[in-house]
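Visitor: Hi! I'm new to this one, could you walk me through it?
Guide: Happy to, let's have a look together.
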Amino acid sequence: MVDLEGGDVLEPYVGMEFESEESARQFYVGYARRVGFVVRTMQRRRSDIDGKTLARRLGCNKQGFSPNYKCTIGPDQKPRPSAREGCKATILVKMEKSGKWVVTRFEKDHNHPLVVTAHGFTTPGDKDKKIEELTRQLKIQDQLCASYRERLLKLLSDVEEQTEQLSSKVQVIVDNVRKVEAEVQHLSCHQ
């Protein structure tokens with residue numbers, strides 16, 4: 001797999017090790033951003049003895065189906081469709097006896113289009129950053145557009161000037177041809 005800059009995207013693989021649950025989560029979230037989906041924390045298995053987390057499953061936020069396929073929000077109780085589409089993309093990491101966290105399951109395939117952006121803005125929290133970046137790009141494009149417009153107007157002005165000069169030269173030629181034709185006709189009449 002290749003990211004937007006043309007480099008390889010390191011994907012998770014079964015047997016991949018991490019120092020902690022958090023480092024495994026951060027890796028998967030980073031991978032998800034580069035590939036174009038948002039991570040949702042799915043399940044956690046805890047030890048019955050001390051309550052420590054033993055395994056964690058993370059997946060695409062479109063994984064599964066919502067129990068209520070439509071939920072209500074706000075005081076007006078407007079229905080909102082679920083974002084879940086039954087996607088199966090997940091990763092399962094388990095803590096080994098060594099204390100390392102190991103990927104024991106990785107499902108790569110999504111059943112929906114992925115949304116990859118230039119800077120990995122794929123989460124709702126990045127919306128403001130995305131808006132700022134797009135606003136900045138729009139300003140640059142506006143400046144380029146203004147510059148191109150000035151160049152185009154200058155070019156059109158130059159073309160008009162050249163057209164006028166050419167037109168006056170053509171008119172001189174036409175006048176000269178008419179004079180020559182008139183002289184030729186005058187000479188042919190006198191012979």
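Visitor: Which strand is Arg56 in?
Guide: Arg56 sits in strand β3, residues 53-60. Strands (E, at least two residues) and helices (H or I, at least four) are DSSP runs, numbered from the N terminus. This is a predicted model, where local features need pLDDT of at least 70, side-chain atom pairs count only at pLDDT 80 or more, and totals for chains, interfaces and linings use all residues. Residues are numbered from 1 along each chain as its sequence is written, and side-chain values use heavy atoms, with hydrogens and water left out.
Visitor: Is Arg56 buried or exposed?
Guide: Arg56 is buried, at 13% relative accessible area; buried means under 20%, exposed over 50% and partly exposed in between, using a 1.4 Å probe and protein chains only.
Visitor: And what does Arg56 touch?
Guide: Beyond neighbours within four places in sequence, its contacts (heavy atoms within 4.5 Å) include Glu21, Thr41, Ile91 and Trp101.
Visitor: New topic: how many helices and strands does the chain have?
Guide: The chain has two helices and seven strands, in the order β-α-β-β-β-β-β-β-α.
Visitor: Where is Leu156?
Guide: Leu156 is in helix α2, residues 127-190.
Visitor: Why does Leu156 count as partly exposed?
Guide: Because its relative accessibility is 45%.
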